[in-house]
Amino acid sequence: MPAQWTARPATPADVEPIAELRAVVLRADLERLGRFDEHRVRQRLRDSYTPRHTTVILAAGTFAGCVALRPAGPERWLEHFYLDPALQGRGIGTAVLRTVLRDADGLPVRLNVLQGSAALRLYERHEFVVQTQDPVDVFMLRPPASAAALSGRAGAGAASTTAGPDRRTAAASAPPPAT
């Protein structure tokens with residue numbers, strides 16, 4: 001059974017804890033790719049942070065991570081999905097991702113993940129498929145047909161106490177820059 005988690009809407013004050021978590025979570029992959037920069041890894045988050053589309057993940061009432069689901073025309077972009085390394089492997093990421101995908105209302109969901117990242121397996125298990133890749137990033141899509149399949153499995157393995165992102169709408173915006 002996955003560890004229990006809850007969620008709350010992000011606020012502007014969350015930007016620095018999220019930027020720090022991003023640096024910790026991405027460090028090994030960025031170093032392996034020769035792309036780690038102490039300042040840049042945090043600044044890229046600060047530059048693209050939008051509390052309106054971001055949800056803070058809590059475990060035992062404490063900051064544990066975040067995830068963003070950003071509207072982009074007829075689809076959504078899954079961004080800034082970071083979970084404290086001490087909590088990884090306990091089913092929280094899977095439970096959060098299931099909730100986020102349900103909240104995408106059956107729309108296609110896109111994301112990019114670093115080459116060689118362990119997160120790639122999580123996304124593949126949730127029916128994301130590789131669309132394109134370069135030496136640093138893998139761009140993936142979860143087609144809208146996958147949403148119906150998810151609703152049939154929604155309860156399987158879900159955390160007993162979950163709260164997902166609220167349904168938020170906004171004007172369409174451009175895809176994210178490469179990580």
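Student: Which residue in β4 does A68 stand opposite?

Tutor: A68 stands opposite E79 in β4. This is a predicted model, in which local features need pLDDT of at least 70, side-chain atom pairs count only at pLDDT 80 or more, and totals for chains, interfaces and linings use all residues. Residues are numbered from 1 along each chain as its sequence is written, and side-chain values use heavy atoms, with hydrogens and water left out.

Student: How many bridges join β4 to β5, and in which sense do the strands run?

Tutor: Two bridges join β4 to β5, and the strands run parallel. The bridge partner of W77 in β5 is R110.

Student: Why is H80 called buried?

Tutor: Buried means under 20% relative accessible area, exposed means over 50%, and partly exposed lies in between (1.4 Å probe, protein chains only). H80 has 15% relative accessibility, so it counts as buried. H80 is placed in strand β4, and its phi is positive, about 50 degrees, although H80 is not a glycine.

Student: What is known of the rest of β4?

Tutor: Nine of the nine residues of β4 are buried, so this strand is largely enclosed by the rest of the structure.

Student: Why does D105 count as partly exposed?

Tutor: D105 has 48% relative accessibility, and therefore counts as partly exposed. D105 lies in the loop between α3 and β5.

Student: Why does I92 count as buried?

Tutor: The relative accessibility of I92 is 1%, so I92 counts as buried. I92 lies in helix α3, residues 92-103.

Student: In what order do the strands of the sheet stand, and why are β1 and β6 said to be at the edges?

Tutor: Seven strands form an open sheet in the order β1-β2-β3-β4-β5-β7-β6, with mixed pairing. β1 (6-9) and β6 (129-133) each have a single partner strand, so one side of each is left without a neighbour in the sheet. For β6, antiparallel pairing with β7 (residues 137-142) extends over four bridges.

Note on methods:
Two strands pair if DSSP finds at least two bridges between them.
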